[in-house]
Amino acid sequence: MNTTIKPLTQRPAWKALAAHHKKIKGLHLRKLFAAEAGRGEHMTVEAAGLFLDYSKNRITRETLKLLLKLADESGLKARIEAMFSGEKINVTEHRAVLHVALRAPRGAKIFVDGKNVVPEVHAVLDKMEAFSKRVRSGAWKGHTGRSIKNVVNIGIGGSDLGPVMAYEALKHYSDRSLTFRFVSNVDGIDFVEATYDLDPAETLFIVSSKTFTTLETMTNAESARDWLLAGLGGYEKAVAKHFVAVSTNAEKVSTFGIDTANMFGFWDWVGGRYSMDSAIGLSTMLAVGPENFLAMLAGFHEMDEHFRTAPFAQNLPVLMGLLSVWNTDFFAAETVAVLPYEQYLKRFPAYLQQLTMESNGKHVTLAGKKVNYQTGPVYWGEPGTNGQHSFYQLIHQGTRLIPCDFIAFGHALTKLGRHHDILMANVFAQAEALAFGKTAEEVKAEGTKGALVPHRVFEGNRPSNIILAGRLTPEVLGRLVALYEHIVFTQGTIWSVNSFDQWGVELGKALAQRIIPELESKTTPKLKHDSSTNNLIRRYRKLKSAR
């Protein structure tokens, strides 16, 4: 962290924003729109194939000016350049942060420790492409000589959420002659249900684990191995025809029975939650084909270049990142609802949960000092219009302020009657209702009387962004994911946290490794946990023995 940058709450722009908030916090969006006739046109940005309307945020031109000043005072420009140039900005793990290199075009130069990593990236992409073509064409044969019809991706966290989301998002472009399943949970039900109706002779497993030691992934991989061998007569060499690995541990991959020629590598400068466009995306390439996968990478790169070069006042990720800081730290918003009005994006909010919350769910600064402000909000959501009939009630009339990101498209991928016009009408209506609400006078004017009036009042003044694109293509998916990656980066820079480590996941994992043998022990273990954990372990062992 640049020591010349002051702690967040001591930066002049932060102090000015605090004073500014006191002045405008009572302003309603009705007044803001009434005061500026062109607000809905002025507070928009279009770049990299995406259109953002941020006019329904509780801001004025002065707010924007101060937020942009805060970005400058936080060293955002220098921080962006440090990332793109391969500096080791992940200071707690002493690593570069170069997911942007995963989608850099062939011939680009991005250096880590003096070495251009782009040729390595494209060597892996070329290997993925050759493998994908063999599987998709039927040239790759299983142990019995039959072609692959089923692909099962085994991973967890970033090795699962990205591939699942991308498969669902791009299903329109996928090869429907292939069946894709995803196994992540160590709960055995996940594996059993994923393989229930599959034929081992036609099934390929992709095991994604950088170290090939991840507990959940390797437990599922071992079960997959047993399942395959049980279905193919126990012939050990069959494993090499039905398993490939995304890993860097050649020794363990080989010991498992996988031919290391079918091992696809990646790098320690790629965090798991930023890896869907690396070899972790092998299942995506198998599903949609190399051409569509590379188009997705081009979309990522387009947003990367926009983020790196566009002035902050016209920079989509910077503006959305700054607005989220404004809502989180000044309006005390604790969550952000991401609401895609596109069924293919049904897993996008779940994907963003890891991307955003594992990145910025931090309580200390880069310097190791405890923060005295709020950092990463909770991200959540479901596709519209389903959510309108469940949780939108709380967003409209609840006591919590929940900023919303609406994502919608001008064209449906599957045309069916009036569906898309009705869908889009709901997007615009929900954002309008959240912003402007309905006053008691308006309710009364509709004929409502007496005690029912307060129940039908909508306070409004609920902030939202609307992101519009032409249609959901592989390129657009890449742009959307990169947009939120760089929103996270912007937030983390303002909050002075390391968005690229995740120490918070370690403690529970370490304790689980200690507890597993206590649950499996044939003799009564000597327990040294707290009284609650000890009692729960004893209770579980009793339940287990009673089966």
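Set aside its neighbours within four places in sequence, and His 306 is in contact (heavy atoms within 4.5 Å) with Ala 47, Gln 314, Asn 315, Leu 316 and Pro 317. The model is predicted: local features need pLDDT of at least 70, side-chain atom pairs count only at pLDDT 80 or more, and totals for chains, interfaces and linings use all residues. Residues are numbered from 1 along each chain as its sequence is written, and side-chain values use heavy atoms, with hydrogens and water left out.

His 306 lies in helix H13. Helices (H or I, at least four residues) and strands (E, at least two) are DSSP runs, numbered from the N terminus. His 306 counts as buried, because its relative accessibility is 10%. Buried means under 20% relative accessible area, exposed means over 50%, and partly exposed lies in between (1.4 Å probe, protein chains only). The side chain of His 306 reaches the backbone nitrogen of Leu 316 at 3.0 Å.

Asp 304 is also in H13, which spans residues 290-309. Its relative accessible area is 1%, so Asp 304 is buried. Beyond neighbours within four places in sequence, Asp 304 is in contact with Phe 84, Val 100, Arg 103, Ala 482 and His 486. The side chains of Asp 304 and Arg 103 are joined by a polar contact of 2.7 Å. A polar contact is a pair of N or O atoms within 3.5 Å; within protein, one must be able to donate a hydrogen and the other to accept it, and residues adjacent in sequence count only if both atoms are side-chain atoms. From Asp 304 to Phe 264 the separation is 40 residues in sequence and 24 Å in space, C-alpha to C-alpha.

Now the helix packing. Helix H14 (residues 316-329) packs on H19 at about 50 degrees, with the axes 8 Å apart. That angle makes H14 oblique to H19. Under 35 degrees counts as roughly parallel, over 145 as roughly antiparallel, 65 to 115 as roughly perpendicular, and the rest as oblique. Axes are lines fitted to C-alpha atoms, for helices over the stretch in contact, and angles run from 0 to 180 degrees between N-to-C directions. H14 and H19 cross in a right-handed sense. A crossing is right-handed if the near helix is turned clockwise from the far one by less than a right angle, and left-handed if anticlockwise. H14 contributes residues including Leu 316, Pro 317 and Met 320, while H19 contributes His 486, Ile 487 and Trp 495, among them. The residues of this H14 contact with H19 divide into 11 nonpolar, 6 polar and 1 charged. Ala, Val, Leu, Ile, Met, Phe, Trp, Tyr, Cys and Pro count as nonpolar, Asp, Glu, Lys and Arg as charged, and the others, Gly among them, as polar.

Helix H15 (residues 348-360) packs on H19 (residues 474-495) at about 25 degrees, with the axes 10 Å apart. H15 is therefore roughly parallel to H19. The crossing of H15 and H19 is right-handed. Phe 348, Tyr 351 and Leu 355 are among the H15 residues that meet H19, where the partners include Tyr 484, Val 488 and Trp 495. The H15 contact with H19 divides into 9 nonpolar, 5 polar and 1 charged.

Last, the backbone. Ala 48 has a positive phi of about 50 degrees, although it is not a glycine. Ala 48 sits in the loop between strands S1 (44-47) and S2 (50-53). The peptide bond from Gly 384 to Thr 385 is cis, with omega near 10 degrees.
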